[in-house]
Amino acid sequence: MRRVSLSALGGVVGILFFLPLLWVLTNSLRPGSETFAHLTLSWQTFFELKPTLHNYSALISSDVGRATLNSILVSAATVVIGLAVCASAAFGLAAFTFRGRGLVFGIVVLSFLVPFDAIAIPLSTMFRDWHLTNTFTGLVLPGIGNGMAIFLLRQFFLGIPAELVEAGRLDGLGWFGVFRWIYLPLSKPALIGAGLMLFLFQWQSYVWPLLIGTDAKHILGPVALSNLQGQNFADYGLVFAGAVVLTVIPLVVIAGFQRYFVQSVSSSGLK
Amino acid sequence: MKQRQGLIALAFLAPALVCLAVLRIVPAISAVVESFYTESLLRGGRVFAGLGNYTDLLSNKDFRQSVGVTLLFTVLVNPIQVVVSFLLAVLFTQKAAGSKLWRTLVILPIATPPAVSAVIWSVIYRPDGLANGVLERLGLPAQPFLTSSGQVLPSLILLLSWIGVGYWMLFLIAGIQEVPVEVREAALLDGASAWRRMVSVILPLVRRPLAFVLVADTVSNLLVFAPVQILTKGGPNGNSNLLMYDVYTRAYAIGDIHVAQAEVVILVALTLAIVAGQFRLLRGDE
């Protein structure tokens with residue numbers, strides 16, 4: 001009896017959280033002119049029997065469509081470059097003992113204690129001086145040096161046994177070879193966890209792309225969507241379709257790597 | 001040998017160290033330095049202003065209101081989100097049918113970028129939007145939400161909790177699952193009531209993740225920007241003008257970059273002070 005009521009309570013909570021997204025999905029499948037037609041609440045508010053993909057096809061040729069492609073490009077570049085930079089730094093911290101290692105590690109920790117959004121405005125004035133506004137370089141750069149990702153990878157690298165490294169060295173591997181052929185292949189889960197972190201940082205960012213990339217060629221998805229919503233006669237069908245696409249892309253990525261996502265979340269919280 | 005190792009390590013570390021230094025640490029230092037300067041039209045350039053920018057800010061009515069609104073917001077939003085995340089974490093770690101599915105539905109909004117969530121809720125809160133549709137169904141009068149001085153902060157808190165609670169819940173679920181099943185089951189056999197079991201058994205065992213969630217949630221809530229910029233522009237009458245948005249308008253709408261840098265410094269100092277206070281409190285009752 002207790003289990004049934006707990007299950008029912010969980011169900012009510014879950015559905016309440018889900019309703020806004022369901023409403024967005026439903027309205028993305030009907031013409032924008034009908035968005036506010038079903039608001040005397042009924043089952044039709046949340047379900048559409050004659051769905052149309054019209055909004056989605058309109059989205060492809062719209063600013064938001066273009067901006068979504070920009071977001072994909074910028075996030076992908078961030079993950080690839082960021083992983084290379086962060087993994088190599090983590091290797092430097094984990095595989096060698098040298099004077100000043102504690103200091104370097106301290107800088108890494110310090111850098112993720114300063115929240116990025118707080119320094120976004122001073123950093124954007126620097127980027128203006130360097131002519132990096134409205135460039136993809138300017139959008140990608142702040143995402144690639146991620147102290148949290150370095151920290152996570154270092155923790156994982158520390159668990160790789162020294163004997164493996166010695167054996168590799170005896171076989172004639174250089175240090176880059178040790179990194180490339182021993183550390184990286186053994187660290188897939190940590191690399192995926194760090195990659196997810198880099199991806200979500202970039203995909204979810206708003207302050208930075210608003211400060212640095214707002215021209216038509218470089219605008220990112222969330223900024224373009226908020227511009228569209230801010231217009232006087234916004235087509236809400238289009239707004240909702242854009243919201244669905246910008247949510248589904250990270251959702252698919254998270255779901256694909258769910259195991260690593262929960263792992264990276266919980267390990268950062270418990271240490 | 002050791003020195004050689006250091007050089008090789010440095011080669012691997014260099015790209016990341018340059019990134020962290022230039023993109024994180026230099027701007028933080030530059031904000032502090034620039035906050036002591038001002039643009040002078042007469043002398044055509046930057047001149048040292050001492051604490052001038054700070055005293056300007058402190059005597060500015062809008063800034064003082066923004067600090068007040070931010071503190072009120074902080075005091076309200078964090079306890080609400082931490083308590084709700086904890087209750088949900090307890091609920092979704094019970095053995096009950098469908099628990100996994102319901103939990104997933106609560107976590108889903110994590111995927112939505114905050115700015116997109118703000119856009120969605122701007123439609124929900126419209127006078128003819130979903131929120132008033134729900135109220136009508138419940139037989140309640142329509143509400144102004146974002147255009148009312150009294151309702152604007154609670155409306156933002158609701159939207160931010162929809163975004164954040166599932167995320168923080170994940171940390172607490174991980175913490176609860178660290179508690180051995182026997183301990184949880186033993187409390188059940190003791191006949192401890194559900195409420196007492198939660199307070200006396202689970203709560204002390206998830207102190208660490210709970211402390212982490214409180215601090216991390218507080219920091220992220222002090223930096224809230226997108227919902228304010230997209231939904232309210234700080235209004236009505238400055239009642240949702242959180243500091244992060246005030247910094248942004250000061251830098252780019254008013255165009256006073258040096259005073260804005262001073263405000264960034266104050267925002268970070270405020271964050272550190274609140275977090276330090278929380279650490280003291282958490283240690284104090286141990």
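User: Is Phe145(B) buried or exposed, and why?
Analyst: Phe145(B) counts as buried because it has 22 C-beta neighbours inside 10 Å. Buried means 20 or more other C-beta atoms within 10 Å of the residue's own, exposed means 12 or fewer, and partly exposed is in between; C-beta atoms are placed from the backbone.

User: Where does Phe145(B) sit?
Analyst: Phe145(B) is in the loop between helix 6 (130-137) and helix 7 (152-178) of chain B. Helices (H or I, at least four residues) and strands (E, at least two) are DSSP runs, numbered from the N terminus.

User: What about the phi of Phe145(B)?
Analyst: Phe145(B) is not a glycine, yet its phi is positive, about 50°. Most residues other than glycine have a negative phi, and most peptide bonds are trans.

User: Back up a step. What kind of model is this, and how is it numbered?
Analyst: This is a predicted model: local features need pLDDT of at least 70, side-chain atom pairs count only at pLDDT 80 or more, and totals for chains, interfaces and linings use all residues. Residues are numbered from 1 along each chain as its sequence is written, while chains are lettered from A and ligands numbered from 1 in the order in which they are written.

User: What scores does the model get?
Analyst: Its ipTM is 0.89 and its pTM is 0.89. Chain B has an average pLDDT of 88, with 94% of the residues at 70 or higher. pLDDT is the predictor's confidence in each residue, from 0 to 100.

User: Okay, Lys233(B). Where is that one?
Analyst: Lys233(B) is in the loop between helix 11 and helix 12 of chain B. Lys233(B) also has a positive phi of about 50°, and it is not a glycine.

User: Why does Lys233(B) count as partly exposed?
Analyst: Because Lys233(B) has 14 C-beta neighbours inside 10 Å.

User: Which residues does the cis peptide bond join?
Analyst: It joins Gly235(B) and Pro236(B), with omega about -10°. Pro236(B) lies in the loop between helix 11 (226-232) and helix 12 (243-253).

User: Now Ala89(B). Which helix is it in?
Analyst: Ala89(B) belongs to helix 3 (residues 61-91) of chain B. Ala89(B) is buried, because 27 other C-beta atoms lie within 10 Å.

User: What does Ala89(B) touch, sequence neighbours aside?
Analyst: Beyond its neighbours within four places in sequence, Ala89(B) is in contact with Met169(B), Leu172(B), Ile173(B) and Ile176(B). Contact means that the C-beta atoms, placed from the backbone, lie within 7 Å.

User: And how far is Ala89(B) from Glu39(B)?
Analyst: Their C-alpha atoms are 52 Å apart, and the two residues are 50 residues apart along the chain.

User: Zoom out to chain B. How many helices and strands?
Analyst: Chain B has 13 helices and two strands. The C-alpha trace spans about 80 × 75 × 35 Å along its principal axes. Of its 286 residues, 41% count as buried.

User: Which domains does chain B have?
Analyst: Domain 1 (1-31) and domain 2 (63-284). Their C-alpha centres are 35 Å apart. The bounds come from an automatic or database domain assignment.

User: And chain A?
Analyst: Chain A has domain 1 (1-52) and domain 2 (60-270). Here the C-alpha centres lie 33 Å apart. Eight residues from domain 1 and eight residues from domain 2 make the contact.

User: How many residues of chain A and chain B are in contact?
Analyst: 73 residues of chain A are in contact with 75 residues of chain B. Helix 1 (residues 2-28) of chain A gives the largest share of the chain A side, 15 residues. That side divides into 51 nonpolar, 19 polar and three charged. Ala, Val, Leu, Ile, Met, Phe, Trp, Tyr, Cys and Pro count as nonpolar, Asp, Glu, Lys and Arg as charged, and the others, Gly among them, as polar.

User: What does UniProt put on residues 68-257 of chain A?
Analyst: An unreviewed UniProt entry annotates them as "domain: ABC transmembrane type-1". UniProt positions are in the numbering used here, feature names are shortened, and annotations may be inferred rather than shown by experiment. The chain over residues 68-257 is 78% helix and 0% strand.

Note on methods:
Contact = placed C-beta atoms within 7 Å.
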